Amino acid sequence: MIRPAVADDADLLVWAKATASEHFGSILRRAAIPDPKAAAEAWGLDTRARICDDADKLCWRNWRVAETGGRAAGAILIFQDMDPPVINDETPVPLRPILSLLPGTAGSLYVDSVAVQPEARGAGLARAMMLQAEAEARDRALPRLTLIALSSNDAARPLYFDLGYRDADVAELVPSDWAPEATHAYLMEKRLTLT
């Protein structure tokens, strides 16, 4: 069963965001940034605060939760109308390639994060959540879905291809402590036929 998230799902959503982003926020916090606290604030690295903020794209209202056996076992974050990114000298270097792909999400339902708890993997929950996102895109009359996947994401990329996504753009990643096996980030999209 896929259901809308509720505020009480915050612990699961924080875990899902960290897992899906391969703990990017913690890597940025540890990076050699002159003022890590200011950087964390500027880059929205307090995931729990963002999930509880109704005005934030990470708000719990934009999440869907997959349940199995009566317990929450996974989550997906979807939204549209992403603000265009600003890339400048203050942008953390490892983040720049990802941000360069975000303009390609305009006019789509963006799948920001998908995560399934380890004990529930292999049961089709990620596929079910992706199909839920597709249904919501159709309900909103959006002609496509988009997401960004790293080249090292061997578990998810085959699923996305199987669901009809294709690579629409690519950015070479800057070597860093975050996802050291990844060499590229891919903007993937699925075009929908709207009736």
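**Salt bridges, core and sheet**

Start with Glu136 and Arg140, whose side chains meet in a salt bridge at 3.5 Å, N to O. By salt bridge I mean a side-chain nitrogen of Lys or Arg within 4 Å of a carboxyl oxygen of Asp or Glu.

Before going on, the ground rules. This is a predicted model, with residues numbered from 1 along each chain as its sequence is written. Local features need pLDDT of at least 70, side-chain atom pairs count only at pLDDT 80 or more, totals for chains, interfaces and linings use all residues, and side-chain values use heavy atoms, with hydrogens and water left out.

Back to the pair. Is Glu136 buried or exposed? Glu136 counts as buried because its relative accessibility is 10%, whereas Arg140, at 33%, counts as partly exposed. The cut-offs are under 20% relative accessible area for buried, over 50% for exposed, and partly exposed in between, with a 1.4 Å probe and protein chains only.

Glu136 has another partner. Arg64 forms a salt bridge with Glu136, and the closest N and O atoms are 2.7 Å apart. This pair links distant parts of the chain, with Arg64 in strand S2 and Glu136 in helix H6, 72 residues apart. Helices (H or I, at least four residues) and strands (E, at least two) are DSSP runs, numbered from the N terminus. Both Arg64 and Glu136 are buried.

Elsewhere, Glu189 and Arg191 meet through their side chains in a salt bridge of 3.4 Å, N to O. Glu189 counts as buried because its relative accessibility is 4%, and Arg191, at 56%, counts as exposed. Arg144, Arg166, Glu189 and Arg191 belong to one network, joined by salt bridges that share partners. The count by this rule comes to 16 salt bridges.

Now helix H6 itself. H6 covers residues 125–139, which is 15 residues, and reaches 21 Å from its first C-alpha to its last, close to the 21 Å expected at 1.5 Å a residue. The expected span is 1.5 Å times one less than the number of residues. Besides Glu136, the buried residues of H6 include Leu125, Met129, Met130, Ala133 and Ala137. As background, an α-helix has 3.6 residues a turn, so residues three or four places apart point the same way.

Ala141 is found in the loop between H6 and S5. For context, most residues other than glycine have a negative phi.

Next, the sheet. In which order do the seven strands of the open sheet run? The order is S1-S2-S3-S4-S5-S7-S6, with mixed pairing. Strand S1 (2–4) and strand S6 (166–172) stand at the edges with a single partner strand each, so one side of each has no neighbour in the sheet. The twist averages 30° from one strand to the next. Two strands pair if DSSP finds at least two bridges between them. S5 and S7 run antiparallel and are joined by seven bridges. Within S7, Ala185 is the bridge partner of Leu150.

H1 lies across S2, S3 and S4, at about 100° to S4. H6 lies across S1, S2, S3, S4, S5 and S7, at about 160° to S4. Axes are lines fitted to C-alpha atoms, for helices over the stretch in contact (heavy atoms within 4.5 Å), and angles run from 0 to 180 degrees between N-to-C directions.

Then the nonpolar core, meaning a set of buried Ala, Val, Leu, Ile, Met, Phe, Trp, Tyr and Cys residues joined through side-chain atoms within 4.5 Å. The largest has 28 residues, and those with the most contacts inside it are Leu13, Ile51, Trp63, Ile148 and Ala185. H1 gives the most to this core, with four residues. Not counting residues up to four places away in sequence, Leu13 touches Ala5, Ile51, Trp60, Trp63, Val65 and Ala75. A second, separate core of 26 residues includes Ala66, Leu109, Leu145 and Leu159.

Last, the whole chain. The protein chain has seven helices and seven strands. Of its 195 residues, 45% count as buried. Among contacts between residues at least 6 apart in sequence, 69% join residues at least 24 apart.
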